[in-house]
Amino acid sequence: MISLQHMIRNRKELRFYILADRMMNRGVFKLSFGQKVKNLFLPDFVMQYLETMRKLSYYRNKGNLIWVYYHWRFQRLGLKLGYSIGPDVFGYGLVLNHYGTIVVGLKNHIGNYAIIHSSTCITSTDKHIGDGLSLSTGGKITSCQSLGNDVTIAANSVITKSFDQDNILLAGMPATIKSTARDAWYLNNEPFTSRQSLCEKLRVELEITP
């Protein structure tokens with residue numbers, strides 16, 4: 001299982017994390033002129049939050065004092081959106097679909113390509129969660145220590161123990177395994193299938209370690 005939190009080590013990794021988040025959420029690596037103009041009048045606060053989160057992680061881990069500004073901005077955007085998420089918790093390609101309460105403790109480690117819906121909570125007890133987590137609306141991960149890769153958690157379910165199997169659906173209060181051999185949430189789910197493929201292609205081109 002994963003043992004360390006995500007720490008963005010250099011500017012190339014920072015750039016990749018920001019681009020992967022943008023692709024998975026908005027379907028582009030680079031904003032068009034029209035999109036930039038639109039954002040001046042209708043700010044995309046979710047993407048601002050994600051980009052600020054990545055910059056806070058990078059500058060704080062580098063010991064650059066500019067992290068203080070990004071921490072302030074991160075907290076301010078979190079209050080606007082209802083998010084309370086640790087900056088080093090998630091791998092790249094994180095999808096936040098909606099405004100609304102999302103609480104994720106500081107000490108957790110969650111892999112790449114997670115999708116987190118509103119009214120969810122992952123308590124802070126050093127959880128190790130693999131790639132491809134899908135946490136549906138109302139879902140909570142409480143006293144478990146680990147989850148495998150490509151785990152889908154159904155709406156309003158509560159995870160109270162570890163499940164190290166990959167590709168499973170968990171549901172219920174407390175949750176149990178409802179199905180196995182389940183594809184990652186982004187597979188067979190356009191446009192996310194194509195977006196994830198483009199992110200992985202870019203990762204290889206930039207020589208980023210997964």
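In which sense do β2 and β5 pair, and over how many bridges? The two strands pair in the parallel sense, over two bridges. Pairing here requires at least two DSSP bridges between the strands. Val95 stands opposite Ile115 in β5.

This is a predicted model; local features need pLDDT of at least 70, side-chain atom pairs count only at pLDDT 80 or more, and totals for chains, interfaces and linings use all residues. Residues are numbered from 1 along each chain as its sequence is written, and side-chain values use heavy atoms, without hydrogens or water.

**Sheet.** Six strands form an open sheet with mixed pairing, in the order β2-β5-β8-β11-β13-β14. Its edge strands, β2 and β14 (175–179), each pair on one side only. Strands (E, at least two residues) and helices (H or I, at least four) are DSSP runs, numbered from the N terminus.

**Core.** The largest nonpolar core has 58 residues. Such a core joins buried Ala, Val, Leu, Ile, Met, Phe, Trp, Tyr and Cys residues through side-chain atoms within 4.5 Å. Leu96, Ile141 and Leu147 have the most contacts inside it.

Beyond four places in sequence, Leu96 is in contact (heavy atoms within 4.5 Å) with residues including Asn25, Val46, Tyr49 and Ile116.

**Tyr70.** This residue lies in helix α4. Beyond four places in sequence, Tyr70 is in contact with Thr52, Lys55, Leu56 and Tyr59. Tyr70 and Lys55 are 15 residues apart in sequence and 6.9 Å apart, C-alpha to C-alpha.

How values were computed. Buried means under 20% relative accessible area, exposed over 50%, partly exposed in between (1.4 Å probe, protein chains only).
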